[in-house]
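Subject: Structure handover

Hello,

Here is the structure I promised to pass on. Please have a look at it first, and then read my notes below.

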Amino acid sequence: MSIKIDRLNNIMVENIGKIIRTEIKDERINFATVTAVKVTNDLSFAKVYITVLDESEKDNVIKLLNKASNFIERELSKRIEIRKMPNIMFVYDDSLEYAANIENIIESIDSNE
């Protein structure tokens, strides 16, 4: 991945997080945290990875954020100077759960020995 794309990913993480916290008035979305953004090389799509405080609400929060994606794209275009704003798609970041699961497996193996 190029340095430009990496830099754009980091800028988008920061700005999308600010937009979610300050611009979107839906309280159900306020506890969503942007963990990563992956922009394609041609800048056509961006996958935004989200975690939420309340795990039971993750599907609802992702659905609400995907509905608000056009608004977020417009706000991003005001903040980031980029030739083509990528289409944003929000997905749940399950890497934290995966890491916790692996840690539990390792602990259970260590305790069995």
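Let me start with L43, which sits in the loop between β1 (32-39) and β2; helices (H or I, at least four residues) and strands (E, at least two) are DSSP runs, numbered from the N terminus. L43 has a positive phi of about 60 degrees, although it is not a glycine. Its relative accessible area is 16%, so L43 is buried (under 20% relative accessible area; exposed means over 50%, and partly exposed is in between, with a 1.4 Å probe and protein chains only).

Before going further, please note that this is a predicted model, where local features need pLDDT of at least 70, side-chain atom pairs count only at pLDDT 80 or more, and totals for chains, interfaces and linings use all residues. Residues are numbered from 1 along each chain as its sequence is written, and side-chain values use heavy atoms, with hydrogens and water left out.

Now the helices. In α2, the buried residues are V61, I62, L64 and L65. They lie on the same side of α2 because they cover an arc of only 165 degrees around the axis (taken from the directions from the helix axis to the C-beta atoms). D59, K63 and K67 are exposed on the other side of α2. The cover over the buried residues of α2 includes α1, β1, β2, α3 and β3, where contact means heavy atoms within 4.5 Å.

Helix α3 (residues 69-79) has S69, I72, E73, E75 and L76 buried. These residues share one side of α3, because their arc around the axis is only 165 degrees. Among the elements covering them are α1 (3-22), α2 (58-67) and β3 (87-92).

Finally, S56 is found in the loop between β2 (45-52) and α2. With a relative accessible area of 60%, S56 is exposed. Its side chain makes a polar contact with the side chain of D54 (2.9 Å); such a contact is a pair of N or O atoms within 3.5 Å, and within protein one must be able to donate a hydrogen and the other to accept it, while residues adjacent in sequence count only if both atoms are side-chain atoms.

Best wishes
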